[in-house]
Amino acid sequence: MTDKSVGLIELSSIAAGFQVADTMLKAGDVHLILSRTICSGKYMVLVGGNTAAVGAAVEAGCADAGGCLIDSFVIANLHPDVYVALGRTQPSQPDGALGIIESFNVATLIEAADAVAKTSNVQLLEVRLAMAMGGKAFCTMTGDVSSVQAGVAAGRKVLADAGVLVNAVVISRPHADVYREVV
């Protein structure tokens, strides 16, 4: 992924999601990263490109949301580890503490995962977005205990400040079977 900027819109309507995706793609020189239904009958659109184009696309999409907007964001310099964790394209061997942050929505969870990656020395394992989870999202990470504690604290703060924190935990020495469920 060469584009460092991403923008996301989360909507309460599937039909509005398709419309907003079209609006966003026509509003700027952006490409579609994800556009899909998510649990609880919601829809999310994630685009990438240069910062100005992504900002224009998100602004146009929000304006066209027709009262269905749940959340939106633009991150001008998304940490590359978040891309990997979103696609779970590089499975890793977890070998340290396990941290989990959980959110009531998708958009803020991605922002929290970005904060985790930028402020702590952890490896993001996965960013799972609202599929078969009632619209919630979570992020898992591994590393030494103090790094995972710092990462979880950074993610917790982003989620708590937005009022969407469900839970955040650090397991210092997870059982091997717990890690098997994660990876």
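This tour goes through helix 1 and then the pair formed by helix 4 and helix 5. The model is predicted, so local features need pLDDT of at least 70 and side-chain atom pairs count only at pLDDT 80 or more, while totals for chains, interfaces and linings use all residues. Residues are numbered from 1 along each chain as its sequence is written, and side-chain values use heavy atoms, with hydrogens and water left out.

Select residues 14–27 to begin: this is helix 1, with 14 residues and a reach of 20 Å from its first C-alpha to its last, close to the 20 Å expected at 1.5 Å a residue (helices are DSSP runs of H or I, at least four residues, and strands runs of E, at least two, numbered from the N terminus; the expected span is 1.5 Å times one less than the number of residues).

Next, select residues 106–119, helix 4, and residues 145–162, helix 5, which pack at an angle of about 150° with their axes 8 Å apart (axes are lines fitted to C-alpha atoms, for helices over the stretch in contact, and angles run from 0 to 180 degrees between N-to-C directions). That angle makes helix 4 roughly antiparallel to helix 5 (angles over 145 degrees count as such).

Finally, colour helix 4 by burial: 11 of its 14 residues are buried (under 20% relative accessible area, with a 1.4 Å probe and protein chains only), including Ile110 and Asp114.

Note on methods. Parallel < 35°, antiparallel > 145°, perpendicular 65-115°, else oblique. Buried < 20%, exposed > 50% of the residue type's maximum accessible area, 1.4 Å probe, protein only.
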